[in-house]
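Please read each point with the structure open.

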Amino acid sequence: MKKSDFYIEKSLFSPANTYSFMKHILIFYTLILSVSHLYGQRYTISGNISDASSGEMLISANIYDLVSQEGGSSNEYGFYSVTFPTGEVEMHYSYIGYESIVLTFNLLKDTTLNIALKPSTVLEEVVITGEAKEKVENRTQMSTIEIPIKQIKKIPTLLGETDVFKAIQLLPGVQSGGEGQSGLYIRGGSPDQNLVLLDGVPVYNAAHLFGFFSVFNTDAIRDVRLIKGGIPARYGGRLSSVLDISMKEGNIKELKGSASVGLISSKVTLEGPILKDRTSFMVSARRTYLDLLARPIIKQSYKNNDKTGVAGYYFYDFNGKINHKLTDNDRIYFSIYSGRDALYQNSKDIDTENQYFEDNNLNWGNITSSLRWNRLWTPKLFSNSILTFSRFKLGTDFTYGQRVNDTLASGYGLDYGSGIRDFSAKIAFDYIPNTSNSIKFGFQIIRHHFTPGTFDLSVYGKDGYEKEITQADIDANEYALYMENDMKISDNIKLNYGLHGSGFQVNNEFYSSLQPRVGLRCKASKSLSLKASYTRMRQYINLLSFEGVGLPTDLWLPATDRVLPQDSWQMALGAARTFEEFELSAEAYYKDMTNLLSYNEGSGVFETGDWQDRVSQGDGKSYGFELLLQRKQGRLNGWIGYTWSKSDRTFENINRGRTYPFKYDRRHDISIVANYELRPNIDISGAWVYGTGNAVTLSGEKYRVAGSDLVFSDNDYNRVVQNIQSKNNFRMRDYHRLDLGISFKKEKKRGVRTWSVGFYNLYARANPLYIFLGDKEVKSEDGIVRYQPTLKQVTLFPCVPYVTYKFDF
Amino acid sequence: MTSCSDYFEKEINADLPNEKSQLAVSAILRTDTILKRLFVNRTVDILKDIDYGVEDYSNTEVTLSDGTNTIAFDYDQIVDTIRFGPEPDQIRLSGRSFNFSNDDYFPFEVGKKYTLKVQRDGYETAIAETEVLPSVAIESFSLIKIGLNENVATYDLRMRFKEVPTEKKYYKVRFVELEGFYRYPYFYDNDYTVSNTPSIDDNAILVSTDLIDEDTKSINMTLRANEITDEDFDNTLQTKIYVAEVSKERADYEKKVHNILESTDNPFISPLILPTNFIGGLGYFSIENGQVYWVSE
């Protein structure tokens, strides 16, 4: 620990009279919600904690007074506030991967201390040299996991494309969908039950390339936090989890950047000050380029068939952020994300006199943006006001036709579009009256606009016509009001309690809900604590999707007068302990979900008609046990996670009303993730995962059904149906895979270059993507060939190597 | 690295969930005909061929009862002399051998319940119960010629009700015969005017009261027939339409059968479990109280 290398600002806080009304309200809250503590004269130390090299705010940094043995932690904006009796204090500031500092002084007045911590080393930032941030057994919040973004970047991945979601899938309680899919199934919930926030803005479609990659560019991300249970009252609107992702704010000290080239995409990131120590920016962009590389081959292929044309697929995304310090107490931020996927195939005959043409395009993407104002009103009161916009849009157009002498002679076209668009305003306060209470309260309003799916069919030619089948757009307002308190009852007992109230106005229907949240931590010894939590959640918007296939055609739809909002409650019990450099946490949970939404059996993707006629609502339950052993420091760091779980669904109109296993019901899930620093400039990383096979629906028998009039024709011989006894009645073979990677860093004159090479699925395990009933050729002795039914398994990825080059400057 | 061509799709062995073979019955009877016919088969291993020709169902007993009257169905074993087995002298039976029929008078009454029982040695007895629904109160039909485009003829068909039912009801509408065309036309089931109305059989669709236009008290349908020549189209179209109310459960069954048959090998269709009203067996039993209307353009 050092006492010298820190950056410190001190100032006397003088509260303005204009805020007295606010203070009175907060005092009232405190009186009601907090255990009163009668002390002598007490003063508050507040400020923010940032990275000394970049000025980025540090989340959940630990603040501790070695004299009073009390402390706190910084919030998601780096703000902290601690109140101590007057006299000498020995303030200890620490954060994972940073050098801790200790500051000793006489506390005689309210004091502002903005602390800048230095990264522990230049090259190896994951390795911890000081004390970690708040230990797992000290936190009231359970079921929460934070993975340092630098560790996420080291985990070997498919095609070397570092991915937040793929890293999160390696945590206990989190399951992936199919092979390579980036969907998150958390404690038996479906992906739409996760509130995925990027700088506080919900992201509705978090996947590129039909789910193989998430939309989050790791070079633009500062912090990732997953809350699987015991969800604090400040979050709402989803049943299963919160994935809170913060973008980098931009280096306020100096211009920095990185560029990388991978097998499928390239990335470039630039950040730096616009006004030194006041304004910073960050921009990051990524694009795949397989379509560009393959274009000459595809063009030649068309040419060989007397056609001209192009075909391909690409995705891109862009992240940008500006951060400006208005005053010592005010900061504003503007952030934007824009991403798009495009699949296209356009061709036409070379012969222009009688020319057949085909234009097929499928585009989808998100745009999110937020404008945020952080203000420190008093040393104990901090606010975050945010305006957000989020939009997900899917558009397809398929056209096929014939031109005769440049005139459209015949053909047809089909356009389809769907999407969701949100505007929201939120104001959130952090009020920290003393070290025993930390109160958060706020209000949010969201204006949703849903486009459930519009078909536009055009028939060209002499008797052409156009027909539009539109499902009416739906507007809805969602409201949320919350208050929570993280309260220290005694040295050994901490309680987090709160209430989240929400309302939803759609058409002439108004739904409302009060959702209590409670978390309790009891310390059994210095390094062992027992935890419990109870969470009630409500979700007003649903993703109507097909199990197992993460398609952009999945529809976001609201609760309506016919479709009820989804509800859940979850209870969790756990224990957390630190063994020297290891953190061990064990949790058991039970989650009950009602009014879940699912397509009716047999419904298809592009069906027309009211979507409400195609869905059913039912219940689900999930329970399990999770174990996580984590080592966050040292040359060898990583984690071992194990999950035992069970999850099922019951819908009146599905599976003849009988309970069936959820498609992602997996009894066992194991993940081992390790990163070893072989030398200061060489890292080896590996991840091994194992999971019980996914559930699929298969039948062992078949029979014939007659037509509705029992009029038999030759076609009736083909009216064969499977006798499916029960949904998801069969298990595919178990899934396991080993990924291995190694990275070599070298300091160059103008920066650091990194080569990374590795393998996804090193031992080429043929993991099943799906199983289907196919057929095989069988030749009888007399040479007659016939086709015999047989089961077939489809596998997606064998051993896939990758190599990436990155340069940080 | 694996580069085997069969890596991505390969045959596997698995212990599929097999149950004891069950009887499967398709029994859609009608009140407007004396002849009552139904169809019996059984479940077989999904990985084996269905050898329809060789199985003899003569040891199967089928009875229909209204609690007072009971009739037995005869086994219609029809020999198909065209199809031969591996041995030249082995005459095989065609799929029609699964037919059971009865042409005795049997009193069907609206609102009354009827029980069908199918028994076969070695199988669980399959029993189903159904009720005769009232006939549909149709006031009129109208048929209007719209146009012919690339040999596809389009007509508007309007089915007007005497009174709009207050509760949701389902109807089977079947185009029994078409006169005026040289060839028998095929009607598309992709009907955008009558949305969400799958074809449940050749030329039969399922509609519900949700589609009734309150102002005109009618359901509007668009009929499209393909392979129609200009000469065909100039002739006056006359069609015979059969309409019967079906229960919600029957409608669900028919829709699901249709969806299963249409979605074979489609991975984007959620798996479908076919409902049944049989206890101890599979399939569906229903008695239609339908009426036939002659409609001319």
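1. Leu197(A) is placed opposite Pro202(A), the latter belonging to strand 13 of chain A. The setting is a predicted model, and the remaining points should be read accordingly.

2. Strands 12 and 13 of chain A run antiparallel to one another, and two bridges connect them. In general, the strands of a sheet are paired through backbone hydrogen bonds, in either a parallel or an antiparallel arrangement.

3. Which strands make up the sheet, and in what order? In chain A, five strands form an open sheet with the order 9-16-17-12-13, and the pairing is mixed. Its edges are strand 9 (144-146) and strand 13 (201-202) of chain A, each of which pairs on one side only.

4. Gln193(A) belongs to the loop that links strand 11 (185-186) to strand 12 (194-198) in chain A. Is this residue, Gln193(A), buried or exposed? With a relative accessible area of 1%, Gln193(A) is classed as buried, because the cut-off for that class is under 20%.

5. The C-alpha atom of Gln193(A) is 8.0 Å from that of Asn542(A), although 349 residues separate the two along the chain. Beyond its neighbours within four places in sequence, Gln193(A) has contacts with Arg238(A), Leu239(A), Ser240(A), Ser241(A), Gln539(A), Gln566(A), Met593(A) and Leu596(A). With one of these, Gln566(A), the side chain of Gln193(A) forms a polar contact of 3.5 Å.

6. Arg631(A) lies in strand 36, which spans residues 615-631 of chain A. Its relative accessible area is 18%, and Arg631(A) therefore counts as buried under the 20% cut-off.

7. Chain B is described here by its totals. The chain contains two helices and 22 strands. Of its 297 residues, 48% are buried. Among the contacts in chain B with a separation of 6 or more, 70% involve residues 24 or more positions apart.

Note on methods: Residues are numbered from 1 along each chain as its sequence is written. Chains are lettered from A and ligands numbered from 1 in the order in which they are written. This is a predicted model: local features need pLDDT of at least 70, side-chain atom pairs count only at pLDDT 80 or more; totals for chains, interfaces and linings use all residues. Side-chain values use heavy atoms; hydrogens and water are left out. Helices (H or I, at least four residues) and strands (E, at least two) are DSSP runs, numbered from the N terminus. Buried means under 20% relative accessible area, exposed over 50%, partly exposed in between (1.4 Å probe, protein chains only). Contact means heavy atoms within 4.5 Å. A polar contact is a pair of N or O atoms within 3.5 Å; within protein, one must be able to donate a hydrogen and the other to accept it, and residues adjacent in sequence count only if both atoms are side-chain atoms. Two strands pair if DSSP finds at least two bridges between them.
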